[in-house]
Number of protein chains: 2
Amino acid sequence: MKAVHIAGVGMTPFGKSRSTLVELLREAAARALLNSKIHEVDAIYIAAMNPEEFTGESNLASHVAEALELTGIPALRVETASSAGAAALQAAFQGVASGYYRHVLVIGGEKMTHLSTSATTRILAKVIDAQERQCGATMPALAAMITERYRRKYHISQARLERILCRVAMKNHANGSHNPYAQFREPISHSKYISSKLIATPLRLYDCSPISDGAAATVLTAERTNVVISGIGQGTGPVSLRARSTFTCFPATQIAARKAYEMAALSPRDIDFAEVHDAFTPFEMIGTEDLGFFAPGKGGDAIEAGTTAVDGDFPVNASGGLKSRGHPVGASGLAQIVEAVKILRGDAQFKFKREPRRALTHSIGGFATNNFVTIIERADESVRAQNSWKSIFSSESLHRQRKRKNADGRVAAEGEIETFTILYTTPDGFLPPLPLALIRDRRGMRMLAQGEDTQQLKIGRAVYLRQVAGTYYFTVKSHFQTVREALKQLLRSGRHRRKT
Amino acid sequence: MKAVHIAGVGMTPFGKSRSTLVELLREAAARALLNSKIHEVDAIYIAAMNPEEFTGESNLASHVAEALELTGIPALRVETASSAGAAALQAAFQGVASGYYRHVLVIGGEKMTHLSTSATTRILAKVIDAQERQCGATMPALAAMITERYRRKYHISQARLERILCRVAMKNHANGSHNPYAQFREPISHSKYISSKLIATPLRLYDCSPISDGAAATVLTAERTNVVISGIGQGTGPVSLRARSTFTCFPATQIAARKAYEMAALSPRDIDFAEVHDAFTPFEMIGTEDLGFFAPGKGGDAIEAGTTAVDGDFPVNASGGLKSRGHPVGASGLAQIVEAVKILRGDAQFKFKREPRRALTHSIGGFATNNFVTIIERADESVRAQNSWKSIFSSESLHRQRKRKNADGRVAAEGEIETFTILYTTPDGFLPPLPLALIRDRRGMRMLAQGEDTQQLKIGRAVYLRQVAGTYYFTVKSHFQTVREALKQLLRSGRHRRKT
């Protein structure tokens, strides 16, 4: 298998954004490409959990290729619920490791904050088993039930559990306060944690990651760079709670970790730091156990001892984690890679006790039904290619799309038919027969427009154009009108000649 | 790059089905696995275009792994609109070609017929550019406009165009009449075609592929079998009609074909037959030109000359194509592979003029925005592994899931709490605080249930259970009830002892 290296990383700030999903994906991609020494990519792997329902978008891969001005090259979407970013990375890894592609772009993102919390919760809860969802189960409810069982199994008092979870939340919010891309950049106090509302006993608001917009990207290459992917693994688990064999750990993580460690020929003690999927604070504690960093039931001890703090022996979520960086679901698996690469390269705004060489990232899909583990390591660089992306992604061009949208509004009053049809089976809200034509206006701009008459439709025929509430309408010019206009034009040019 | 072989293929009948999407995917997967000599797979690649909106399903990959009783192994979903099946094949190809996996299962499917035609059309139309959709454009409308422009460019009279398209429809329906998996198995006459309703001029109902349910699957392996994938390529194109540089061919197909031919070191004349994406009859004509089988503008001549008929020199859509086999969008790209493999192996119910050794399949995503071309060839077999799937996929087990659903209804009246939470932030329609618990009943069956009281919740506590309209409810047994029951039990066992 060919070695796969990371050539560049980039992400948008996470939080509430006014950009569309495609704009977010484009921005993260541009940052990753500009961050690389690669000057062209062979394919684009795109992760998004549910753009169909969050933003009503279909055919995302083609849209993204077009937004990146890379139409023509292969683009596909990969989805495994909330671990989609990690899944796209793994598929892209196979694309390069096979020799089929040399350089590929991987982008993940989600647009969620424009919906109400209840609408977002409803969409997110669709990953849950139907019977359990019908009972009222949400993601926090299931996480809470796992936590209650964990507490019971390891004989942890309610008071101590609260201390441990509060410590995770405080640590990750403190870490996030140093991360310019994080959604929450304020440390939280013990009293703020304890006074936050109960979501599902024993979990409070500050035990849950937020609803976020954002995107993250990375460029993979078969050339040597200063970071290599040395291990990558995936595992699945039962969808429903009732079908599980255990309620205090996640076998899907354990399977993924085993594969990643075997592939990298490493053990947990060889890893210097980790980004662990902390969608809920207890998931960080359980994750560090499933990944083999701490013995089962001992994750809480490590948190209380400060082992997982930035200045501890084994920093976990030094970036702030999903908890304070934010959790745009399709982006999170790749954001972890972005953060880990920055730390390995020494680009982070903090220093660990010892210089890190090996990182592990861990992403959970659904309610731990589709999990990924990736190990990346520092390597010696040999890449020589030059980056030429600045010509496409100037800071001006990063906002070009939005401008182009506005430009669409200024439509010339006349044009001609490029092709047409009369639609007899129309979408809801449109009465048949509906004449449709692709019109090219005098400035060369094209638009699809509705006609008012099914007669006189012909390719090349001149039309009048107008726009009402975002929809274009055309009227075919009569022969009389066309002749009169030609005469007027002739007269004008005659006058013009006389004047000069 | 490692060679990738096809070890098995299978599909469900296409058409209207009472099975769920997951059941369809499971059935196709079972048929492909039973058709192979492979006894275990390392991963599952799943294609579906829009299960979120067609059937309200999320987290499909985890659900499918579970339905196949393969929970644990990697499973991911791939999506490129209506070419998703071909996209999953390509991603899986890379998984095996890289050496990362040895044997993988690829499944594609869609469940569409339960919705009204207008609802389905609306979901399918989401792949179209937003401005053009707002104007009333549907997939048939755009296909019609391409056809009108094609007719103009190549100076084809309306009457001749109608003859050509009718010929495509009649050929593919006649071919489908021999295919036991096809949705339509009746040949159609010229008068039936000509009297079918206009959908969008110049396209009639019989120019359009139907709305279908169905799934198709294949098993890929690094071991040698009697069919090898020798070329595979993908290309993207602009999403909107107005951004296109041409309206009489699809560059995304041309890019994909170039890559596939280069990889296979073959030219179009080396191919013996093809499955071409005939979502609309003119697409078959244009497809055969984009793929290099006929010169631009000459596709119609080949159809009229009978070249593409089953008994012609170059059979196209001998299976019936999307037109009569049906078009469950996520399945079509893989169904083409299933059909081509059957023909190459000599398992089809017809004979070509010459024995076929090389096939090409062509799948279109969206409005030709994300297209795939795959070349498969006969090879010498060396696979030795034994198939052991019959133990899992007996004909009885293929319907087990449905039975299991019914079994869920028979719930014992008592059980105990395995874990619980009190949900304070509830989904729409549920009032907080909502006590939820995972209950294990006396027969060992588990279910998630709603409580009636937030007090007395504790792991291990005994509860009464009842079911109302598919939702389970529990009531914690009081100490008094528990003691009384224990006493009753004691008395019963005492009586029992006395009798014996």
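**Exercise 1. What share of the contacts in chain A with a separation of 6 or more comes from residues 24 or more positions apart?**

Start with the term: a contact means heavy atoms within 4.5 Å. Now count by separation: residues 24 or more positions apart account for 74% of those contacts.

Before going on, a word on the model: it is predicted, so local features need pLDDT of at least 70 and side-chain atom pairs count only at pLDDT 80 or more, while totals for chains, interfaces and linings use all residues. Residues are numbered from 1 along each chain as its sequence is written, chains are lettered from A and ligands numbered from 1 in the order in which they are written, and side-chain values use heavy atoms, with hydrogens and water left out.

**Exercise 2. Sketch chain A as a whole.**

Step one, the extent: the C-alpha trace spans about 95 × 55 × 40 Å along its principal axes. Step two, the parts: you'll find 16 helices and 16 strands, taken as DSSP runs (helices H or I, at least four residues; strands E, at least two) and numbered from the N terminus. Step three, the inside: 64% of the 500 residues count as buried, which is to say under 20% relative accessible area, with over 50% being exposed and anything in between partly exposed (1.4 Å probe, protein chains only).

**Exercise 3. Work out why the pair A:F283 and A:F367 counts as tilted, and where its rings sit.**

First, the rule: rings of Phe, Tyr and Trp (its six-membered ring) pair if their centres lie within 6.5 Å, and planes under 30 degrees apart are stacked, over 60 edge-to-face, the rest tilted. By this rule there are 24 aromatic pairs over all chains. Here the centres are 5.9 Å apart and the planes meet at 55°, so the pair is tilted. Next, the location: A:F283 belongs to helix α11 (residues 281-290), while A:F367 is in the loop between β10 (358-363) and β11 (370-378), 84 residues apart. Finally, burial: A:F283 is buried at 2% relative accessible area, and A:F367 is buried at 2% too.

**Exercise 4. Which residues join B:F93 in a cluster of ring pairs?**

Follow the ring pairs and you reach A:Y45, A:Y100 and A:Y101.
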